[in-house]
Amino acid sequence: MMKIHIRTFVNDFNGLYQTIEKALPVHTDFTWSYQKNATKLTTEQLIELLMQAVDLVLIPVSEVQYINANELNVVALLDNQNDTSNPLALIAVNNQVIQKIDDLQFDIRKQYGRVYIVGFGPGSPDLLTIRAQRLIEEADVVYYDDLLDDTYLKSYNAELVYVGKRKGKHSAKQQEINERLYKSALNGKKVLRLKGGDPLVFGRGAEEYHYLSQRFVDVCIVPGVTSALAAAAEAVIPLTSRGVSASVAFTLGHDAVYNKLPKADTLVFYMGASQQRNWANRLMQEGWAPQTPVACVQNASLKNQKCLRYTLAELVNSHEVLPAPALIIVGQTVKQYVAGRPQRWLYTGSDLSYFKEEGEVVHNPMVKIQKIPLERSQVELVKNIRAFNRIVFVTPHAVHEFFNALFECELDARILSDVEIDSIGESTSKALKQYGLLIPASSATNSINGLVDCLKNEQIVDEDILLPCSSDGLSILPDALRQMGNRPYEFKLYDSVLPDNAVRHNLDDFTGIVFSSPKAVRHFFQLHNCLPKGIQVKVRGVYTKMVLEKYISKSEMPVVVLSTENLSEFDT
């Protein structure tokens, strides 16, 4: 004789006794126990019940708080006479019991309808998926958002229920929408929840899905074309492009002060039409170049679509901005296909904010930083860092890798309290500030020569000076410090290598190339044998020019270097 123990969270279960008994094998000995102090059914409680030899649990659906309700073995849902919208779930705690229970004809899930959460697309019915169109044809009731033009839906037989939400204008709260979907499913209807764009891109589709699935309603998500893709297609803006944009991020734009700004080459702001100028300011404050292209696309995919293009600097002061519904796209690909060919530059440095030229830019970094594992002698050096009188930082990379070494040795900036610190320029000082050190730039030109002149003016002599740097070492600084009567030590912390994703471009497509460091030059010529005739070349720094001119002279390339600015990224 099989024994089954049922634990009920329902105080009135007499009417259910015979119903459940009929589904069990003949001569089953089953006992009931009542959970007097009813609590939510959680994962931990299920484990406890199994240890107490409980086989089945009878509990109102609203009390089930399991992380993923779909993973529960629900034998049946039963009518709850006290609350028809809150049925009772008969859940198997002991999975072996399920194999011995007959198919329960009284399982009210057999009468449930099904809910489809479907993406309508950006607005134009032409962009509906075939599956979405078929579901609209078959639906009993359609709950729809702001699709801008709902006349398309009126040609079908389904009951139409508008539940759109615009800023400051909500026809229904989200909880109310969830409940209405649920009740329609309980009534056996084929329910279509139609959402603009894609249900899982700022559409709260996941919330509705989990609300229904936790109540054991059969629910399915059907993707749609999100408005960012439609806007990009209509305005011919590639969201990614070889050598220009390797990443794209979709982000909420309704708050330009507190919203987190993602890191990507191309940014798309949803629901940010009212914050366009604020976002332009925020992006420039966070290092985006003022000349970065911007596009605002309104009513993407519809006949009344509009598109305006700016730079970040222009958008801040523009009196012509498009209202909602509109998306803002920011990145170098925005102007890639503008009529007429502007100047187009290939930029080889790591940090695009150093690009100062006019025209389009293709960012193809020629330097990647790789950490070098610390040797035992280097660990001892870090722990005895106070033995040095001074540390001179000449790159932001050196700053970050030096502090990584400190942290690896379980030390922090406090150990530097008695050590003098020098920074070559503004970008390096900015990196030091991230670690709580306010060190003014020693060189106004961000150059080695400017740094050396500054140290000479301060009459720095007879000092032990640490120089964090790459494995290639530094060019002229160590010798200059020795000539001044000091003892420099190059602390080699990282390698500067050619990135794996560096692209070999057709150089005939470019007006010119910008080199920001000697290592960028060397890596560039690992990819390209020569420079095409007539291309413009600009460099940052005197030493970068020297290295480049060696390559030019070796191959007898007819190239003229246009500038030798001292502003440098110092990728080496």
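In helix H12, which spans residues 448-457, the buried residues are Ile 448, Gly 450, Leu 451, Val 452, Cys 454 and Leu 455. The model described here is a predicted one. An α-helix has 3.6 residues a turn, so residues three or four places apart point the same way. With this in mind, the reader may trace Ile 448, Leu 451 and Leu 455 among the buried residues of H12. The elements that cover the buried residues of H12 include strand E21 (390-393), strand E22 (420-423) and helix H13 (477-483). Just after H12, the chain reaches Gln 459, whose phi is positive, at about 55°.

From this helix we turn to a strand. Strand E18 consists of residues 344-347. Arg 344 and Leu 346 point one way from the strand, while Trp 345 and Tyr 347 point the other way. Are these residues buried or exposed? All of them are buried. Strand E18 is joined to strand E19 (residues 360-363) by four bridges, and the two strands run parallel. Within this pairing, Arg 344 has Glu 360 of E19 as its bridge partner. E18 also pairs with strand E25 (residues 512-515), again in the parallel sense, over three bridges. Here Leu 346 stands opposite Ile 513 of E25.

The remaining examples concern pairs of helices. Two packed helices are described by the angle between their axes and the distance between the axes. Helix H10 (residues 396-408) packs with helix H11 (residues 426-433) at an angle of about 20°, and their axes are 8 Å apart. Angles under 35 degrees count as roughly parallel, and H10 and H11 are therefore described as roughly parallel to each other. The crossing in which H10 passes H11 is right-handed. On the H10 side, Pro 396, Val 399, His 400 and Phe 403 meet Ser 427, Thr 428, Ala 431 and Leu 432 of H11. By class, this contact comprises five nonpolar residues, three polar residues and no charged ones.

A second pair is formed by helix H4 (residues 174-186) and helix H5 (residues 205-213), whose axes come within 10 Å and cross at roughly 45°. H4 and H5 are therefore oblique to each other. H4 passes H5 in a crossing that is right-handed. H4 contributes Gln 174, Gln 175, Ile 177, Asn 178, Glu 179, Leu 181 and Tyr 182 to the contact, and H5 contributes Glu 207, Glu 208, Tyr 211 and Leu 212. Which classes of residue make up the contact of H4 with H5? There are five nonpolar, three polar and three charged residues.

Technical notes: Residues are numbered from 1 along each chain as its sequence is written. This is a predicted model: local features need pLDDT of at least 70, side-chain atom pairs count only at pLDDT 80 or more; totals for chains, interfaces and linings use all residues. Side-chain values use heavy atoms; hydrogens and water are left out. Axes are lines fitted to C-alpha atoms, for helices over the stretch in contact, and angles run from 0 to 180 degrees between N-to-C directions. Angles under 35 degrees count as roughly parallel, over 145 as roughly antiparallel, 65 to 115 as roughly perpendicular and the rest as oblique. A crossing is left-handed if the near helix is turned anticlockwise from the far one by less than a right angle, and right-handed if clockwise. Contact means heavy atoms within 4.5 Å. Ala, Val, Leu, Ile, Met, Phe, Trp, Tyr, Cys and Pro count as nonpolar, Asp, Glu, Lys and Arg as charged, and the others, Gly among them, as polar. Buried means under 20% relative accessible area, exposed over 50%, partly exposed in between (1.4 Å probe, protein chains only). Two strands pair if DSSP finds at least two bridges between them.
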